[in-house]
Amino acid sequence: MADSFDEFYLEWLAVSINLPEEKATEIKKAHNKLAMNCDNTLIALNCVHDTGLEPAKVQKDPCKDRLPKVEFRPFNKTQPKLWFEQLEVVFASSSIISAEHKFAALLRLMDDTTSSLLCSITRNLSPTAYDDAKALLIKEFSLSKFDRVKAYLEAVPAPDEKLTLFNSRIESLIDGLSFDDVSKYCLLRYAPAAVRLQLSGSSFDDKPLADLLKEADSLTQCA
């Protein structure tokens with residue numbers, strides 16, 4: 001395009017001898033202006049043209065991936081489910097979203113004995129490490145239904161403890177329990193110790209009240 005423009009301009013110069021000087025000057029100025037526009041266009045095209053150079057790599061800021069400090073109490077073995085519920089509120093407020101960061105924060109809140117339970121999860125470090133650790137710890141430290149009813153019925157407020165605070169402290173014990181569970185405990189506690197021990201596990205959780213009592217009677221007769 002630029003070459004063609006120069007060629008036409010030279011042809012014009014050859015025939016412009018007879019033009020008035022003012023007219024020739026005006027045409028030359030117009031030519032110069034048009035030539036500058038061509039140059040600017042070429043520069044712009046050159047800027048967007050692929051030069052073959054690799055784009056500069058963006059340096060990753062290691063501080064952005066650093067785990068924020070988690071201000072929370074150590075793992076509570078007596079109420080693991082409630083502890084995890086409150087921990088996840090802290091995670092949300094601290095913008096800790098990734099499973100990797102959650103698991104790392106969890107490890108900071110474990111004592112030596114508890115963290116040893118997570119050895120296999122730590123070694124594998126799967127994408128579900130936090131959820132796996134949570135499920136394991138809740139299962140390991142949660143009381144059975146029998147023990148939860150027992151703990152609830154035998155709990156007493158501390159000296160000068162308000163009843164509202166006492167209730168808040170123990171209400172998680174009956175989370176998910178039914179009236180049948182309370183009835184099972186109240187009746188089963190009068191069975192012989194060996195029978196009570198045998199039925200306070202999965203049988204207590206799974207069997208209806210009538211079936212549990214029948215089994216307790218059978219075991220008592222065999223004892």
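The model is a predicted one, and its largest nonpolar core holds 22 residues, of which Val70, Trp83, Phe84, Leu87 and Leu106 touch the most other members. Helix 3 (80–93), helix 4 and helix 7 each supply at least two residues of this core. Leu87 touches Val70, Phe72, Leu106, Leu109 and Tyr130, when residues up to four places away in sequence are not counted. A second, separate core has eleven residues, including Phe146, Leu177, Leu199 and Leu212.

Two packed helices are described by the angle between their axes and the distance between the axes. The axes of helix 4 (residues 99–108) and helix 7 (residues 129–141) come within 7 Å and cross at roughly 40°, and these two helices are therefore oblique to each other. The residues of their contact divide into seven nonpolar, no polar and one charged, and they are listed by helix below.

| Helix | Residues in the contact |
|---|---|
| Helix 4 | Ala99, Lys102, Phe103 and Leu106 |
| Helix 7 | Ala129, Tyr130, Ala133 and Leu137 |

In helix 8 (residues 145–154), the residues Phe146, Arg148 and Val149 are buried. Seen down the axis of helix 8, its buried residues fall within an arc of 165°, so they line one face of the helix. Among the elements that cover the buried residues of helix 8 are helix 10 (179–188), helix 11 (193–199) and helix 12 (202–206). Phe146, one of the buried residues of helix 8, is also a member of the second core.

Key
Residues numbered from 1 in each chain as written. Predicted model: local features only at pLDDT ≥ 70, side-chain atom pairs only at ≥ 80, totals over all residues. Heavy atoms only, no water. Buried < 20%, exposed > 50% of the residue type's maximum accessible area, 1.4 Å probe, protein only. Helix = DSSP H or I, 4+ residues; strand = E, 2+ residues; numbered from the N terminus. Arc of directions from axis to C-beta. Contact = heavy atoms within 4.5 Å. Axes fitted to C-alpha atoms, helices over the stretch in contact; angles between N-to-C directions. Parallel < 35°, antiparallel > 145°, perpendicular 65-115°, else oblique. Nonpolar A, V, L, I, M, F, W, Y, C, P; charged D, E, K, R; others polar. Core = buried A, V, L, I, M, F, W, Y, C linked by side-chain atoms within 4.5 Å.
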